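Please look over the model below.

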Amino acid sequence: MSAVFDFFQKIQKQILDLQNSIREFQESWDRFQKFWDLFFQIVPWEVLLLLVFSVILLSLFNSISPTTPKTNLTVSILLLCGIWGYLWSLFSETPNYGKILWICLYILLPLHAFGLGKFAYEKIRKKILAKKRIKPRDWEESLNQVSKDYNGLMALAHSKIDSAHENKSEIQSKISDLEKSISGIKSLLQ
């Protein structure tokens with residue numbers, strides 16, 4: 001009698017283990033679905049589709065020009081977005097070009113964010129330096145700026161001594177920086 005009872009307890013334990021395994025699988029599946037639902041709320045599925053096709057096209061462009069992968073990715077994304085817009089206009093009466101642009105920017109903005117940030121930083125830095133050159137705060141800052149600009153001009157002029165005519169624009173920009181610094185000194189003297 002106890003052997004039959006033990007047999008039924010083992011079967012009952014295996015059924016409970018199976019139920020627990022099924023419950024854990026369902027919970028894991030629910031978490032998996034929630035993750036992908038949240039992911040596709042943040043990142044539209046079109047972005048992933050565009051990214052997959054652009055990687056395929058990127059491999060072709062990189063075989064032609066391997067030194068410019070960022071430009072190749074930009075060209076492949078823009079080309080695919082153009083094809084997407086054209087095909088959408090063929091099969092739909094009201095294509096949503098704004099959505100295509102949004103999906104395109106979803107990939108291109110992070111791709112070029114560092115370059116755009118660096119470009120903006122350089123522009124702001126140049127404006128601040130130009131303002132400091134023209135209107136320095138005090139005499140010491142003005143003299144330091146004149147010294148930096150003069151030394152920069154002399155270093156450039158000596159390094160480009162053989163090719164001064166070819167690098168005329170660089171030398172002229174250094175000269176104009178020095179002239180602005182000198183006008184800053186003049187403004188302090190007035």
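## How two helices pack

Are H3 and H4 roughly parallel or roughly antiparallel to each other? This is a predicted model, and the axes give the answer. Helix H3 covers residues 69-91 and helix H4 covers residues 97-134. Their axes come within 10 Å and cross at roughly 170°. Angles over 145 degrees count as roughly antiparallel. H3 and H4 are therefore roughly antiparallel to each other.

H3 contributes Lys70, Leu73, Thr74, Ile77, Leu78, Cys81, Trp84, Gly85, Trp88 and Ser89 to the contact. From H4 come Tyr97, Lys99, Ile100, Ile103, Cys104, Ile107, Leu108, Leu111 and His112. By class, the residues of this H3–H4 contact are 13 nonpolar, four polar and two charged.

## Spans from the record

An unreviewed UniProt entry lists residues 38-61, 73-91 and 97-121 under "transmembrane region". The model can be set beside two of these spans.

Residues 38-61 are 92% helix and 0% strand. The end C-alpha atoms of residues 38-61 lie 33 Å apart. Residues 73-91 are 100% helix and 0% strand. For residues 73-91, the distance between the end C-alpha atoms is 27 Å.

## Overall build

The protein has six helices and zero strands. From the N terminus on, its elements read α-α-α-α-α-α.

Now the dimensions. Along the principal axes, the C-alpha atoms fill a box of roughly 115 × 50 × 35 Å. The radius of gyration is 33 Å, whereas a compact globule of 190 residues would have one near 16 Å. Of the 190 residues in the protein, 19% are buried. Contacts can also be sorted by sequence separation. Among those with a separation of 6 or more, 56% join residues 24 or more positions apart.

## A serine in H6

Is Ser181 buried or exposed? Ser181 sits in helix H6, which spans residues 168-189. Its relative accessibility is 1%. Buried means under 20%, so Ser181 counts as buried.

Which residues does Ser181 touch, leaving aside those up to four places away in sequence? They are Arg133, Ser142, Gln145, Val146 and Asp149. One of these partners, Arg133, falls within the residue range of H4, 97-134.

Conventions. Residues are numbered from 1 along each chain as its sequence is written. This is a predicted model: local features need pLDDT of at least 70, side-chain atom pairs count only at pLDDT 80 or more; totals for chains, interfaces and linings use all residues. Side-chain values use heavy atoms; hydrogens and water are left out. Axes are lines fitted to C-alpha atoms, for helices over the stretch in contact, and angles run from 0 to 180 degrees between N-to-C directions. Helices (H or I, at least four residues) and strands (E, at least two) are DSSP runs, numbered from the N terminus. Angles under 35 degrees count as roughly parallel, over 145 as roughly antiparallel, 65 to 115 as roughly perpendicular and the rest as oblique. Contact means heavy atoms within 4.5 Å. Ala, Val, Leu, Ile, Met, Phe, Trp, Tyr, Cys and Pro count as nonpolar, Asp, Glu, Lys and Arg as charged, and the others, Gly among them, as polar. UniProt positions are given in the numbering used here, feature names are shortened, and annotations may be inferred rather than shown by experiment. The radius of gyration is taken over C-alpha atoms; the globule rule is 2.2 Å times the number of residues to the power 0.38. Buried means under 20% relative accessible area, exposed over 50%, partly exposed in between (1.4 Å probe, protein chains only).
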